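Please keep the sequence and the structure open while reading.

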Amino acid sequence: MSFALGVLISGSGSNLQAILERIEQGHLQAEVKVVISNQPGAYGLERAKVYGAPVRVIGHKDYPSRVDHDREIVSVLQDFGVEAVVLAGYMRLVSKYFVQQFPRRIVNIHPGLLPAFKGTAAQQQAWSYGVKLAGATVHLVDEFLDHGPIIIQAAVPVLPGDDGQRLARRILTLEHRIYPQALSWLAQGRVQVENGRTVLRPLDCAPADITALGPCLINPGLEAGF
Ligand code: GRF
């Protein structure tokens, strides 16, 4: 059975597209049940339609409070039978209520090496600060901004001649690889949280294999297809 995802976007949706591509290629055993945008003009809605994913627009300005907006989103996600919520360029902080409805089942991608450079324009923040390595983080979501147990990170060097935008483009290419990979681990039930840290469980081995070969090997890097 495939892992039922609901993807929340606000803009371009290139991460959404990367996820849909990996699903289509058979590398990620998941299904995007619904794509929800808080922005009616989000280009990601068009990308979703190309892949036949159902879309909904739920504008935050139509609701009196954050939690009212989140209640509507949660109810749509539940109607679609969503098991995990993927924040992919969703430019809203989710409420505690939202987090409680999907405990350890909401993921976010941030274009920075957390815990550094939280918030918007993380790539520009990193470049302006003068760091020599920048990158991206996929993490489980709690009610705090860009916070929660980290699943995977990837880094790129900051090159001479870079500016915030060039750096952002290079980071985005990596985002498109690590987000589907993190979702694949979640779909396989391999992401375990221990004392606020995630631990990647090995793929289950048949008992006969364990006897013959010893413990499974874990590759902490990207697997084939990601
Ligand atoms: C990405 O850089 C992501 O890390 C951040 O917002 C951007 C969204 O890009 N949270 P896209 O909409 O997936 O193209």
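**The ligand, its pocket and a nearby topic: the backbone**

A polar side-chain atom of Glu175 lies 2.7 Å from an oxygen atom of the ligand. Taken alone, the ligand exposes 370 Å², and the protein buries 82% of that area. The model is a predicted one, and the space that the ligand takes is the largest pocket.

- In the side chain of Ser14, an N or O atom is 2.5 Å from an oxygen atom of the ligand.
- For Ser12, the corresponding distance, from an N or O atom in the side chain to an oxygen atom of the ligand, is 3.3 Å.

**The shell around the ligand**

- The residues around the ligand are Ser12, Gly13, Ser14 and Asn15, together with Gly89, Ile109, His110, Pro111, Gln123 and Glu175.
- By residue class, this shell divides into 2 nonpolar, 7 polar and 1 charged.
- Helix 1, which spans 14-24, supplies at least two residues of the shell, and strand 5, which spans 106-110, likewise supplies at least two.

**The largest pocket**

- The volume of the largest pocket is about 740 Å³, and among the 33 residues that line this pocket, those closest to its centre are Gly89, Tyr90, Met91, Ile109 and Pro111.
- Gly89, Ile109 and Pro111 are also listed among the residues around the ligand.
- At least two residues of the lining come from each of helix 1, strand 5 and helix 6 (164-187), and the largest share, 4 residues, is that of helix 6.
- The lining of the largest pocket divides into 14 nonpolar, 14 polar and 5 charged residues, while the shell around the ligand has 2 nonpolar, 7 polar and 1 charged.

- The peptide bond that runs from Leu114 to Pro115 is cis, with omega near 10 degrees, and Pro115 has its place in the loop between strand 5 and helix 5 (122-129).
- Phe117, which is found in that loop between strand 5 and helix 5, has a positive phi of about 55 degrees although it is not a glycine.
- Ala121 is likewise found in the loop between strand 5 and helix 5, and although Ala121 is not a glycine, its phi is positive, at about 50 degrees.

Terms used
Residues numbered from 1 in each chain as written. Predicted model: local features only at pLDDT ≥ 70, side-chain atom pairs only at ≥ 80, totals over all residues. Heavy atoms only, no water. Near = heavy atom within 4 Å. Polar contact = N/O pair within 3.5 Å; in protein donor to acceptor, adjacent residues only side chain to side chain. Areas by Shrake-Rupley, 256 points an atom, 1.4 Å probe, with all protein chains shown as cover. 1 Å grid on protein atoms, 1.4 Å probe; cavity = no way out; pocket = protein on both sides within 12 Å on 5 of 7 lines; lining within 4 Å. Sits in = over half its atoms within 2 Å of the grid points. Nonpolar A, V, L, I, M, F, W, Y, C, P; charged D, E, K, R; others polar. Points joined across faces, edges and corners; volume = space filled by probe spheres on them.
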